[in-house]
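Please go through the chain below from its overall dimensions down to single residues.

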Amino acid sequence: MRKLIFRCTFLTDVVLNATAATEGNNTSLDYVPGANFLGIVARKYNEFKEDAYIVFHSGLVRFGDAHISNNEQRSYKMPASYFVEKGLKLGGDDIAIFINDKISEKTKDEYRSAGRQLKQQRSGYFIENDNKATLQKISKDFALKSAYDRVTRKSKEGQIFGYESLPAQTEWIFAVEIEEEADHLVEAIKQGLQGNQRVGRSKTAQYGLVKIEFLKEEGLAEKIPDSVTNSISIYADSCLAFINVAGQPTLTPSAEDLGFPGAKINWEKSQVITRVFAPWNQKRYVREADRICIDKGSVLILESVDIDQINPKLLQKGIGCFTNEGYGKVLINPGFLETDTDGRAKIKFEMAGQDRSDATVQTDEYGFVILEKNNNFSDDPVYNFLFESYEAGLNEQKILKKVGVFVSNHASKYKNIKPSQWGGIRERATRAKDYADLVKLLFHEDRVDGRDNSQGYLTHGISKDDWSERKRLDTLKKEIEAVYKSGLDVPVFTALLAAAMAKKNK
């Protein structure tokens, strides 16, 4: 058996809905199912000819799930048997993690008597290294979208939906396992996977672009771990799907289904998370029958295990159904489930790492990333339009940030200024051509023949008295001058500032 390790880098956000529901709050998965990578290779289904059955249906080739990674180290889903005191988070100093099936009754009584509760950890990923674990935070983005009406060329009425997505610039690791019978297909599978590919939903829009690269080949251990005794913990490294004797999906498999004939499952000590969903078949453009699965991260406790009856090759290939899509992967007595005599996990968690790439970027005084124009595309009208749109949006964000800072710092100084005066400032800002014109409209002080012939809205009449107090006029004038020197649009800034201050003082 050969195990090929691949790296999948997200070039854009990726949408991987956890369910097939089209209404309500639809959350995203926190991993990439192996079916996506099987589907990528299946785009060349006809090229495999008589070998197509071997690659896609026989289970001799298994496409694993992709997990968030760091420095080419894959992560693991938080075991469902982890319990931490309610209110505390992993990664802090000396946080006690208890394993559900091994925690002592004495410890439980101590927590109950103190009025403290232990809470199950159901989410999160970590990278294990020498009894230490680094949390891997997976942030998610959300965007509202609208269906498009091709006839009216605008958004369809009442058809608004949201996409929760995994962010771009994140790195994921997955494996493809190939049995000896399919060894002659290794290069074809590599070629089918590598390069820029599309995964997830809305692939024809801005989502789903990834880059897949082959990293290395790893060997597989063909023996049962030395830690296996008559009582073991089975950690679900992927979804587990089983069919009972009646041919129906089941969430209560037998020990034989798990590959341990003669053993007994202790359901009371086990911690099982379930998942039900309907997978989408892009080739046939239809949803498959519902999958009823034990979700990854679940922990099953087996007792009365006969080590001599365990088949290590069966466990390598995966247990249950849909192993070609990465289902059925389990770990036996993994190191992160080892405990001391009190039931406390030996592994120690460190603070979460970065979920995006650590590439060095330059930022300006506002904290925004500096993106320089690429001269190689200076003759491309589409590129020029997109870059100008980017600059316009960036300048607007900078202006809004400056407005927010000014309102936060000086709102109390202008507390007695009426909204009608801010309205007058906004009106003049909207018709000002540039910075010089705005200064003339607001601050001009020229006098002719001893009479007030000023055009400055804030330097004569009733407004003059209000704005001369507490150096209000000087503060505003200096701020507008600073915006002009920074290269931003002064009339736009002044109009937005006046609108914000009017609402603040209303």
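How many helices and strands are there in the chain? There are 12 helices and 28 strands, where helices (H or I, at least four residues) and strands (E, at least two) are DSSP runs numbered from the N terminus. The model is a predicted one: local features need pLDDT of at least 70, and side-chain atom pairs count only at pLDDT 80 or more, while totals for chains, interfaces and linings use all residues. Residues are numbered from 1 along each chain as its sequence is written, and side-chain values use heavy atoms, with hydrogens and water left out.

Along the principal axes, the C-alpha atoms fill a box of roughly 110 × 65 × 40 Å. Of the 506 residues, 43% count as buried; buried means under 20% relative accessible area, exposed over 50%, and partly exposed in between (1.4 Å probe, protein chains only). The accessible surface of the chain comes to about 28200 Å², and carbon and sulfur atoms account for 47% of this. Accessible areas come from the Shrake-Rupley method with a 1.4 Å probe; for residues, only the protein chains shown count as cover. Among contacts (heavy atoms within 4.5 Å) between residues at least 6 apart in sequence, 72% join residues at least 24 apart.

The interior comes next. A nonpolar core is a set of buried Ala, Val, Leu, Ile, Met, Phe, Trp, Tyr and Cys residues joined through side-chain atoms within 4.5 Å. The largest such core has 44 residues, and F37, F63 and L193 have the most contacts inside it. At least two residues each are supplied by β1 (2-10), α1 (34-42), α3 (52-56), β2 (61-63), β13 (171-178), α5 (186-193) and β15 (209-218). The element that gives the most is α1, with five residues. Leaving aside neighbours within four places in sequence, F63 is in contact with residues including F37, L38, V41, V55, V176, I189 and L193. The contacts of F63 also include N324, E325 and G326. Another core, of 29 residues, lies apart from the largest one; among its members are V407, W467, L476 and A495.

Now to the sheets, in which two strands pair if DSSP finds at least two bridges between them. Three strands form an open, antiparallel sheet in the order β7-β6-β8. Its edge strands are β7 (97-99) and β8 (118-120), each pairing on one side only. From one strand to the next, the twist averages 40 degrees; axes are lines fitted to C-alpha atoms, for helices over the stretch in contact, and angles run from 0 to 180 degrees between N-to-C directions. Strand β6 (residues 82-85) is joined to β8 by three bridges, and V84 has K119 of β8 as its bridge partner. Three bridges also join β6 to β7, with Y82 opposite I99.

A four-stranded open sheet, again antiparallel, has the order β19-β24-β16-β25. At its edges stand β19 (264-265) and β25 (330-332), each with a single partner strand, so one side of each is left without a neighbour in the sheet. Two bridges join β19 to β24 (residues 299-303), and I265 is partnered by L302.

K346 lies in the loop between β25 and β26 (348-353). At 43% relative accessibility, K346 counts as partly exposed. Not counting residues up to four places away in sequence, K346 touches N131, E338, T339 and D340. D94 and K346 are 252 residues apart in sequence, yet 11 Å apart in space, C-alpha to C-alpha.

Strands β11 (residues 141-149) and β12 (residues 154-165) pair in the antiparallel sense over eight bridges, one of which sets S146 against I160. Four residues separate the strands of this hairpin, and R153 there takes a positive phi near 60 degrees although R153 is not a glycine. R153 is exposed, with a relative accessible area of 69%. Another non-glycine residue, N71, has a positive phi of about 55 degrees. N71 is found in the loop between β3 (67-70) and β4 (73-74) and is exposed at 67%.
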